[in-house]
Amino acid sequence: AGGAVRGGNVRVLGADRVVHCCPPTPDIMASAAAQAAKATLENRDLDDSWQLPDGNVKRGKALFKKHCAQCHSMFPDGRNILGTSQGPTMFNVCGRVSGEETVGRARPNEFGDTLSDKTRQVVWTDAALMNYMRDPSKTSGGPVTMNFEGIKDVQTRVDIVQFLHSLTWDNPIMSETPPSKQPNILTTYWRKMTGSA
């Protein structure tokens, strides 16, 4: 009954018998430690002493478009070329206090009209942004009114936060004049038919 070697250090001899045939390699130990650290980070709240690791701003922009841009603008004027601007602009969000920026064009704060005391004074530090993206309901103290379950993957959140740090006046793209919105085909047709072009 020769068994199969798995992971380089375990020989399975039978359904109920496992024999360790050699010690784990440093690579296996390092990989296991990294996976344990990642699992711990994915499942806990971070405090403000936590330091944001390096990330990829370009990847963060793509991830922002995927996860956030349906509702959040990245521009100072709140325009949203990808979605509906239901939420506040993420321009200059790093260090901002929750509720400080208007939501879309109607509601006065980032959590709708029902901010709990817990979320009225959230300072959007790196740790607070990471915690919110992991579990928005927990950070806001109750259900949120957006279609966003949260992002568990740490590197995805890190890349998005690194991108959010680029949304400042120091970024020349942020001060560009917005492109003019072209009327849709029905509006163009209507104007031609009514002579109001």
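The model is predicted: local features need pLDDT of at least 70, side-chain atom pairs count only at pLDDT 80 or more, and totals for chains, interfaces and linings use all residues. Residues are numbered from 1 along each chain as its sequence is written, and side-chain values use heavy atoms, with hydrogens and water left out.

Start with the protein chain in cartoon view. It has 7 helices and 4 strands, taken as DSSP runs numbered from the N terminus (helices H or I, at least four residues; strands E, at least two). The order from the N terminus is β-β-β-α-α-β-α-α-α-α-α.

Switch to a surface. The protein chain exposes about 12,600 Å², with 55% supplied by carbon and sulfur atoms; the area comes from the Shrake-Rupley method with a 1.4 Å probe. Of the 197 residues, 33% count as buried, meaning under 20% relative accessible area (1.4 Å probe, protein chains only).

Select residues 126-134, helix α4. Here 8 of the 9 residues are buried, so the helix is largely enclosed by the rest of the structure. Among them are Leu129, Met130, Tyr132 and Arg134.

Next, select methionine 90, in the loop between α2 (57-67) and β4 (110-113). Methionine 90 is buried, at a relative accessible area of 12%. Leaving aside neighbours within four places in sequence, show its contacts (heavy atoms within 4.5 Å): Phe64, His72, Ser73, Arg96, Leu164 and Leu167.

Note on methods:
Buried means under 20% relative accessible area, exposed over 50%, partly exposed in between (1.4 Å probe, protein chains only).
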